[in-house]
Amino acid sequence: IKTRLVAAVKGHALLKKKADALTMKFRAILKKIVDTKTTMGDTMKGASFSLTEAKYSGGEGIKHTIMDNVSTATIRVRAVTDNVAGVKLPTFELINQGSESKMDMTGLGKGGKQLQNCRAQYTKAVELLVELASLQTSFLALDEAIKTTNRRVNALENVVKPKLENTISYIKGELDELEREEFFRLKKVQAKKKRDQTAKEEQAAVKAAGAGAESMTLSGLDGLTRDMLAGDTDEDIIF
């Protein structure tokens, strides 16, 4: 049980450190989310404004021109896993496969500059969106991991450790009680042996005293008998 208590104490310390590390990461991600959302608002505002400029300069037909020049996506997202204090956090990485293509020549007739600016603005917005999605996904996973870790820490601190400590205290109390009972039993046995020894000595003394009195009585009777026999002489009878 002592070994289990030591293991519980070590586990509690490790889980506490893990919870602290996760909490620090949680706060850092929360700060990044707030900053990214603020930047995202400004970026989306600029992207919408640049789209309006591109439509104004290139006309409504620019949309069909762009769709004809685009065949595959140049921005892709890949899911990866980050490890923080033993907790796996899903994150997303943006892969920009953009290269020299027909899109670079789109809008040369009119509105080319505004169109390229709009493309850059929306590319930046997508990057921020991917980053924000990654942060929020990690935020939710960390929140659940922190709750689980805190439940384990509280269980070890408030249930397992007190239970083991109470069990050890109870066992120590029982052992002390058994030791006291054994000590009391030994004292009783010694006292009984002492009483028996005293009783034997008293009996031996009584027997010795009785034997001495009997011997004195017999010797007194013997002397009296001899005296009586010695003094019992008949007077001479004269005829």
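The residues lining the second largest pocket divide into four nonpolar, three polar and four charged; Ala, Val, Leu, Ile, Met, Phe, Trp, Tyr, Cys and Pro count as nonpolar, Asp, Glu, Lys and Arg as charged, and the others, Gly among them, as polar. A pocket is an open set of points on a 1 Å grid over the protein atoms alone, where a 1.4 Å probe fits, with protein on both sides within 12 Å along at least five of seven lines; lining residues have an atom within 4 Å of a point. The model is predicted, with pLDDT of at least 70 needed for local features and 80 or more for side-chain atom pairs, while totals for chains, interfaces and linings use all residues. Residues are numbered from 1 along each chain as its sequence is written, and side-chain values use heavy atoms, without hydrogens and water.

The second largest pocket holds about 210 Å³ of space, the volume filled by probe spheres set on grid points joined across faces, edges and corners. Its lining includes Lys25, Asp82, Thr91 and Glu131. H3 gives the largest share of this lining, four residues.

The largest nonpolar core has twelve residues, among them Leu22, Phe26, Val84 and Leu142. Such a core joins buried Ala, Val, Leu, Ile, Met, Phe, Trp, Tyr and Cys residues through side-chain atoms within 4.5 Å, buried being under 20% relative accessible area (1.4 Å probe, protein chains only). Helix H1 (2–58), strand S2 (87–96) and helix H3 (112–231) each supply at least two core residues; helices (H or I, at least four residues) and strands (E, at least two) are DSSP runs numbered from the N terminus.

Terms used: Buried means under 20% relative accessible area, exposed over 50%, partly exposed in between (1.4 Å probe, protein chains only).
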